[in-house]
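Okay, thanks for coming, everyone.

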Amino acid sequence: MTTSSDKIVTAIAHTNIALIKYWGKRNAEFIIPYTGSLSLTLDQFYTQTSVQFDASLDQDSVSIDDQLIDGNGWQRVHNFLNIVRQQSGITLNAQVKSENHVPTAAGLASSASAFAALAAAASRAAGMDLDLQALSRLARRGSGSACRSIFGGFVEWQRGTNDADSYAVPIETPNLNDIRIVALTVEKHHKPISSRQGMALSVTTSPYYPTWVKVVESDLQSIKSAINADDFTRFGTISELNAMRMHALTLSANPDFLYFTGDTLEAMNEVKRLRHSGIECYYTIDAGPNVKVICQKQNVAAITDTFSKMFGPEKVTVAQPGPGVKYL
Ligand code: DP6
């Protein structure tokens, strides 16, 4: 009989920001997306998670930032641990301790870093030794965007068609290495609907969803060719366009929904004003009100200055490309 597996395994994963968005699943159980996506892993925001399988536990125990969690959060981690148990053959319950390292209120704590770190720590604690591709596939089962956080820098999630061929791959390139993301936390709590529910509603009710699937394929080609050519202007332009195309799917859903607030729009307009005044920058926005400004190193000071005046310096965080998953 297996008793306490004395192994406590700790892993760290950084969050990522999608430049070409993932928005819609063709298979919800395995989290197989309708389209590929492309992201940048960020250095500033990460999750550190320890896992130990332990015979003395009568159920999985999950804490985040020293708070025991229950309800939906617990259920989601428990379901994920069931996948790890199924793959590894271990039958014990697990103790999971997770810490989010996100600069105050950056609004970027996400399921991406959480499930990437959990996949790495839990699989190894269960005795598996997965390669990065298998880890990416496993992380994907927790949250789609987590499959990209296994890798550092620019990462493409190749949509595939099933559990075996849907995973992320790193785009190894020296190009665009002066890229910076200025994260603006305009509001912490505005989230009318989770990304999981929002994308499902877009898939089933937006008449434009089939067009999105087509357009993402060409957006992906364009952004990869921009990265290849080290062309920041094309890179930023296509990122901004793709984000707005995603948000058009929320406006055209039934019932419609919107992640932007007034401050989101103010920040978007300011990015455009800065751009027209010669400070090159672009915006991208996920399933929430916060705006991420895409720029290059030489313009960080001017951009942080502008937005610190607008929203307060504590709402502005600068990130650069970050690393892939690591064990401690
Ligand atoms: C807008 O990965 O959180 O950030 O797979 O349902 O867990 P689930 O969704 P999630 O969705 C991320 C949506 C997005 C775009 C992106 O990261 O590509």
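Let's start with cysteine 295, which counts as buried because its relative accessibility is 0%. Buried here means under 20% relative accessible area, with exposed over 50% and partly exposed in between, using a 1.4 Å probe and protein chains only. Before I go on, the housekeeping: this is a predicted model, so local features need pLDDT of at least 70, side-chain atom pairs count only at pLDDT 80 or more, and totals for chains, interfaces and linings use all residues. Residues are numbered from 1 along each chain as its sequence is written, and side-chain values use heavy atoms, with hydrogens and water left out.

Back to the cysteines. A disulfide needs a pair of cysteine sulfur atoms within 2.5 Å, and the structure holds 0 of them. Cysteine 147 counts as buried too, also at 0% relative accessibility.

Now the ligand. It has 18 residues around it, and the closest are Tyr22, Lys25, Ser143, Gly144 and Ser145; a residue makes that list if one of its heavy atoms lies within 4 Å. Sorted by class, the shell has 7 nonpolar, 5 polar and 6 charged residues. For that sorting, Ala, Val, Leu, Ile, Met, Phe, Trp, Tyr, Cys and Pro are nonpolar, Asp, Glu, Lys and Arg are charged, and the others, Gly among them, are polar. Helix α4, residues 195-205, gives the most to the shell, with 3 residues. Helices here are DSSP runs of H or I, at least four residues, and strands are E runs of at least two, numbered from the N terminus.

Which atoms touch ligand oxygens? An N or O atom in the tyrosine 22 side chain sits 2.6 Å from one. Glycine 144 has a polar backbone atom 2.7 Å from a ligand oxygen, and serine 145 has a polar side-chain atom 2.7 Å from a ligand oxygen. On its own, the ligand has 460 Å² of accessible area, and the protein covers 94% of that, by Shrake-Rupley with a 1.4 Å probe.

Last stop, strand β5, residues 61-64. It pairs in the parallel sense with strand β7, residues 93-101, over 4 bridges; pairing takes at least two DSSP bridges. Serine 63 is opposite lysine 97 in β7. β5 also runs antiparallel to strand β6, residues 67-68, joined by 2 bridges. β5 and β6 make a hairpin with 2 residues between them, and aspartate 65 in the turn has a positive phi of about 50°.

Note on methods:
Polar contact = N/O pair within 3.5 Å; in protein donor to acceptor, adjacent residues only side chain to side chain.
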